[in-house]
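Please keep the sequence and the structure in view while reading.

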Amino acid sequence: MMRKLCTTIGVSVLLMCHALEAQAGTPTSATDARAGIYNSSLDARVETLLGKMTLEEKVGQLVQYSAGQPTGPGTGRTDYEDMIAKGQIGALFNISTAKETNAYQRIAVEKSRLRIPIIFGLDVIHGFRTVFPVPLALASTWDPPLVEQAARVAAREASATGIRWTFSPMVDIARDARWGRITEGAGEDPFLGSEMAAAYVRGYQGTRLDAPDSIAACAKHFVGYGAAEGGREYNTTEISEHTLRQIYLPPFHAAVDAGAATIMAAFNSINGVPASANPLTLRQVLREEWGFRGVVDSDWESVSELIQHGIANDRATAARKGFLAGVDMDMASSVYHDHLASLVSSGQVSQERLDESVRNVLRLKFALGLFEHPYADETREAEAMLRPESVTLAQRAAERSFVLLKNSPGPDNALILPLSNRVQRIALIGPLADDLPSALGSWAGLGRGEDVISFHAALAKHVGEQNLIHVKGVGIKGGSDEDLAAAVAASGKADVVILALGESGGEMTGEATSRAYLGLPGRQQELLEKIVATGKPVVLILFSGRPLTLPWAFEHVPAVLAAWLPGIQAGPALVRTLYGESIPTGKLVVSWPRSVGQEPLYYNALNTGRPADKTDLTNPPGGSDDTYVSRYIDERNDPQFPFGHGLSYTTFRYGPTEISGSQLKASELSAGLHDSTDRTKAVLTASVDVTNTGSRPGEEVVQLYVRLNGTSVAQPVRALKGFQRISLAPGETKKVAFALVPDAFALWNDRNQWVVEPEKVTVWISPDSAHGSPATVQILP
Ligand code: BGC
């Protein structure tokens, strides 16, 4: 089951995967996160308890309600105490203090007949009280160990309140920046997405799921939610099986392989079949192919929404279809509570099927140690939060998440960033410099504005109030002519202007925030143009949960940093980065569009029969060669910045890509995909020399891409298959080697199988998805 976790990886990581392989054979709860729900010694306890349960008590374990602040449509119920005492509720969420969880738990453990504890869940997405950068930013670190540590901090804090289940990680591949939830995931790439998915799961679940500071992970939203047509929230998706297999499923598979205890079924339909009633994904792929033994939760009312989807005409049918397809637990809609018992009594749902879901829930509760330790220790709750080492980690994560998009000489011909301490007066302008809720982003757990050190506060501390002129300029949405004039006047008094512009983190990113326009909201573009027109050197700090289409800015502003929504340490992290105490190392995990019309936009696209080979096509088309190709007549095809792009304060030179052989055999590689002894065996080494050609030290994320030609199903023009982070002193050269395993050359073929086919493979080792020199290897039959 470690197959996807250990796909194509660098040499050092390969060793780690060998170690994991060894453990996977003989799982023990002390050493293997998977042991939790896969620990067969729990089965006897599960069966004994199951044998004592009435039909109503069994159904109760499959019922989940939001008992705290509702964040969406609710059931209107308020009788949770009574229901818990009767054994009618298995899980609650949106409660977030030890006092509250303990109060509900006491009813379950002391008053219900079988004393089965409640499991408490919450959307702990990028931190609990210590709020880290949003997940899209965390992924931009390309640093899975750091993400794992952030998830561990979140688990420690959340578990201190009795929350033992997070609805995270969101591992949806997102290829469209219009979709507001792009902020919650790891971007557009399945390989990077898989690495991040596994890192979150390891962090949340720790080495033992039953440790009091471990929480169960929930990989969501299964599956294809990010493929919403038009980027419009909750919209329908059409996904071919090979795109599902190659793009959307791998991060979920990685999460399952890393031991994720739960999965959440999505809102969307896939090719007409809602994901919350989808036997192909929930039964065949998840249970039969991957061997998942955990709990499948619905999304908020996603089972009752089968009616609106059009596959059920009443709530009982919705319950039956969702349940039979494989959704174990019903979040918020109450349809299982209302109908499951009678569906079983009437024989429409078998007793066997019911028992299967109840087993999954009981197994999770045993695996978490909830029967032994049902309560949170109220005396230790406060001390778990915002520990100094957690705050330090939040700062480091923010620094590593920033992506330096552009850094070219300003009006005086010198690079603007890093700022020199010689700079005397700074004008800080823009609505995001002081916006504390925005820094927290969406799904900010228990994060509070007061925990955030704003960019403004940190900059004032660094340069001294006397050297800082701060005006808001305009609001995120509004703004008057006087505001604009004040901003222009302020910039006139400064040596450098720093603009803090972007989206509102709470209102414009996250769930239900799809946007049809991706420019700067309100009058911010106007503000930007007026400030640039002053001729002062300008640095633009973009705060957003997605890439924004700002072609004018990228043409006219010399330095642009994507800061995303950086969490509680926004200010210190930004100041250290601007002054060169921290060097940017982040890289884009989404292709940055020039205009909304390019969306969905992703680097790992298919080539088409008439590819536009030139990226600098004239608009409108200039000649016949440029006309009948796959293109727009009024926009370039290539992104503003490619997937993988991100600058440093130094520069790197890549040598040619070198590979250790020129021929491989498809049959041998295919066998390596399925044979447990071979599947992590390197079959080819690819390497490159990387040199730091600048005058500062730097870190670089070196990326390896492949393209497969001549296959039975067309494959992407490039696909990421490995990455490594290296540090280089000025002038230093390092050889970076990647050990490629058979999975790097595999595809979901025309007969619906994972295989390696006879094919020509092109390999690039490069700084991003658009550059690098190619090397080829032939795979023979
Ligand atoms: C979201 C989920 C979330 C759930 C519970 C839903 O609206 O889609 O991601 O976990 O609410 O809050």
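The points below concern a predicted model and are grouped by topic.

**Ligand surroundings**
- The ligand is surrounded by 13 residues, and the closest of these are D123, R181, K220, H221 and D299.
- By class, this shell is made up of seven nonpolar, one polar and five charged residues.
- Oxygen atoms of the ligand lie 2.5 Å from an N or O atom in the side chain of D123, 2.7 Å from a polar side-chain atom of R181, and 2.7 Å from an N or O atom in the side chain of H221.
- Of the 310 Å² of accessible area that the ligand has on its own, the protein covers 97%.

- R113 is exposed because its relative accessible area of 52% is over 50%, whereas E57, at 10%, counts as buried.
- D143 and R400 meet in a salt bridge at 3.0 Å, N to O; D143 lies in the loop between α7 and α8 and R400 in helix α18, so the pair ties together parts that are 257 residues apart in sequence.
- D143 is buried at 9% relative accessibility, and R400 is likewise buried at 9%.

**A linked group**
- R283, R287, D328, R353 and E356 are joined in a network of salt bridges.

Note on methods. Residues numbered from 1 in each chain as written. Predicted model: local features only at pLDDT ≥ 70, side-chain atom pairs only at ≥ 80, totals over all residues. Heavy atoms only, no water. Near = heavy atom within 4 Å. Polar contact = N/O pair within 3.5 Å; in protein donor to acceptor, adjacent residues only side chain to side chain. Areas by Shrake-Rupley, 256 points an atom, 1.4 Å probe, with all protein chains shown as cover. Nonpolar A, V, L, I, M, F, W, Y, C, P; charged D, E, K, R; others polar. Buried < 20%, exposed > 50% of the residue type's maximum accessible area, 1.4 Å probe, protein only. Salt bridge = Lys/Arg side-chain N within 4 Å of Asp/Glu carboxyl O. Helix = DSSP H or I, 4+ residues; strand = E, 2+ residues; numbered from the N terminus.
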